[in-house]
Amino acid sequence: MGNIRLKDKEFKLFIPEKLLKEAIANMACHIKKDLGNMNPLFVGILNGAFMFTAELMSELNDIYELTFARYSSYKGLNSSGSLNEVMPLPSADIKGRTIVLLEDVIDTGFTMYTLINKLQSEGATDVRLATMLFKPKALMCNLKPDYVGIEVPNDFIVGHGLDYKGAGRALRDIYIIANN
């Protein structure tokens, strides 16, 4: 697929679906090795991580427990700097558990840093972070994901769960702004 237009921006192909699927399969192998016989609770972070979560859980192919939560900190192209709990996890589900957060992309890290601290204070035994994409040059807090699919530059990207003003989430590939 060539360039695409979403709202008022043009995007070009950046990461094809095949590379994403390979990275997710590799991540699943690492998670299985690390978590072995544990009974972690996997938490897909909506809306962006829905595709990543489905693919990772399919690769894990085990009886793991899965739930979803929704937090937001973005407006348009930029982080707002504050965490909005749209659909938080119930505290009863996390006490004494190992939690694996599944995120689409880590950039500033603010949302996940805040969420990890919150879950630990609410009684989670261990909180791990798996992200499909990681922008290390954008990181603005002390956060190190446990599992990273692909490291990417600090550019705005869409597709495979990520959106621009609500559009582009269902694209199988990842796109980057053209002529940036």
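Start with the salt bridges: this predicted model has nine of them, counting a Lys or Arg side-chain nitrogen within 4 Å of an Asp or Glu carboxyl oxygen.

**Stop 1.** Select aspartate 8 and lysine 165, whose closest N and O atoms are 3.9 Å apart.

**Stop 2.** Now pick arginine 97 and glutamate 65, which form a salt bridge at 3.1 Å, N to O. Arginine 97 lies in the loop between E5 and E6 while glutamate 65 belongs to strand E4, so the pair ties together parts 32 residues apart in sequence. Is arginine 97 buried or partly exposed? With 15% relative accessibility, arginine 97 counts as buried; glutamate 65, at 37%, is partly exposed.

**Stop 3.** Next, show aspartate 163 with arginine 169, a salt bridge whose closest N and O atoms are 2.9 Å apart. Arginine 169 is partly exposed, at 21% relative accessibility. Then select Glu17, Lys21 and Glu55 together: salt bridges with shared partners join these residues into one network.

**Stop 4.** Finish at helix H3, residues 110–121. Its twelve residues should span 16 Å at 1.5 Å a residue, and the end C-alpha atoms, 17 Å apart, agree with that. Colour Thr111, Met112, Leu115, Ile116 and Leu119, the buried residues of H3. Looking down the axis, you will find them within an arc of 120 degrees, so they line one face of the helix. Just after H3, check glycine 123, where phi is positive, about 110 degrees.

Technical notes
Residues are numbered from 1 along each chain as its sequence is written. This is a predicted model: local features need pLDDT of at least 70, side-chain atom pairs count only at pLDDT 80 or more; totals for chains, interfaces and linings use all residues. Side-chain values use heavy atoms; hydrogens and water are left out. Helices (H or I, at least four residues) and strands (E, at least two) are DSSP runs, numbered from the N terminus. The expected span of a helix is 1.5 Å times one less than its number of residues. Buried means under 20% relative accessible area, exposed over 50%, partly exposed in between (1.4 Å probe, protein chains only). The arc is that of the directions from the helix axis to the C-beta atoms.
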